[in-house]
Amino acid sequence: MGLPGNPTNVARVQELRDDFDTPRRHRRLNQVNAKATKAISALPAPTDRPVIRLPLGTPATRLLELRKRTVMQYAQQAFRHGASGGTRFKVHFAEKTTEVRYTTDLGRNYDLYRGSYKGWSANIDLHQICLPADWRLRVERKGLALLSGLMTLDALQIEAPAGIELYAAVWACQSRGYAVRTERGFIAVAGSDSFHSDTTEGAILGVQRKRRNVPTRAATIADMTSAVDTFITKYSRYDIYVSLDDARKTGSCEYGIHSWCASVGIDIGRARVPMIELLEGFRRLPQIEVRRAVLGAVKRNRRKLNANMSSQ
């Protein structure tokens with residue numbers, strides 16, 4: 001630097017070097033302190049854990065993918081999928097509620113088979129879902145994503161009696177094969193119970209009726225919360241039929257009944273099925289409403305037996 005090499009100059013150069021080096025070595029700490037409301041003296045010590053790398057893409061892109069992935073996971077949980085040629089889900093976002101819908105179609109895959117079967121086609125189930133971009137806030141975080149086996153696509157809360165939450169809603173329910181229907185109406189929610197209807201009065205009365213059927217006997221409460229296999233083992237010994245009226249009288253809505261029957265392959269036109277067949281469907285798709293229908297059928301059968309014994 002052109003200065004004499006005496007001890008004073010050497011010490012001064014070393015001080016300057018330290019002054020310049022300190023900000024470089026604490027650059028990240030200084031950046032944090034510039035943004036923080038309360039200064040810190042040191043960054044946390046390294047933990048030697050593996051480096052966490054964010055996914056590729058901008059935050060907006062990652063948020064969009066998260067929204068689509070979440071919707072797909074609920075759809076896969078609620079509806080039949082998995083044709084021999086594969087499954088495809090496409091999620092779109094609506095700008096207004098009239099655009100909200102869930103549709104399915106069957107496509108063809110000609111690249112699946114090889115050998116002598118090359119060129120043969122296999123079915124692909126195509127799922128097209130259109131719902132609000134803020135679906136996770138409007139629906140999922142309110143616990144409305146799946147109610148009675150139906151997937152809620154949109155929900156707007158409206159005025160309702162005390163103790164009940166009422167929504168003008170759009171939902172999807174299982175139909176024959178891979179078909180999914182879109183319905184519009186109202187959903188009433190009270191605690192863990194819900195009811196779908198095409199009118200506000202029907203939804204409110206339905207959930208109130210459902211609440212009145214909440215079991216109070218200890219044995220019945222145990223049946224409502226027991227393991228699926230335990231419940232099936234206990235009620236498989238009843239050689240009786242379970243009817244649509246058993247489901248209706250225990251609080252199930254028509255949309256939920258039709259969707260569950262279609263999901264497990266029970267023809268709704270039969271009106272009633274043997275207990276063992278219903279329980280096999282319950283094993284594939286266990287819903288609380290099915291437990292209630294089973295208990296209602298058993299109770300009805302006992303009343304009938306008691307009435308016959310009294311008449312004799």
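Contact is defined here as heavy atoms within 4.5 Å. The structure is a predicted model, in which local features need pLDDT of at least 70 and side-chain atom pairs count only at pLDDT 80 or more, while totals for chains, interfaces and linings use all residues. Residues are numbered from 1 along each chain as its sequence is written, and side-chain values use heavy atoms, with hydrogens and water left out.

Serine 194 lies in strand S8 (residues 193-197), strands being DSSP runs of E with at least two residues and helices runs of H or I with at least four, numbered from the N terminus. Apart from neighbours within four places in sequence, serine 194 is in contact with Leu147, Ser148, Ala188, Val189, Val207 and Lys210. Its relative accessibility is 4%, and serine 194 therefore counts as buried (under 20% relative accessible area, 1.4 Å probe, protein chains only; exposed is over 50%, partly exposed in between).

Serine 175 occupies the loop between strand S6 (165-174) and strand S7 (180-190). With a relative accessible area of 19%, serine 175 is also buried. Beyond its neighbours within four places in sequence, serine 175 is in contact with Arg80, Val180, Arg181 and Ala262.

The side chains of serine 194 and serine 148 are joined by a polar contact of 3.4 Å, a term denoting a pair of N or O atoms within 3.5 Å; within protein, one must be able to donate a hydrogen and the other to accept it, and residues adjacent in sequence count only if both atoms are side-chain atoms.
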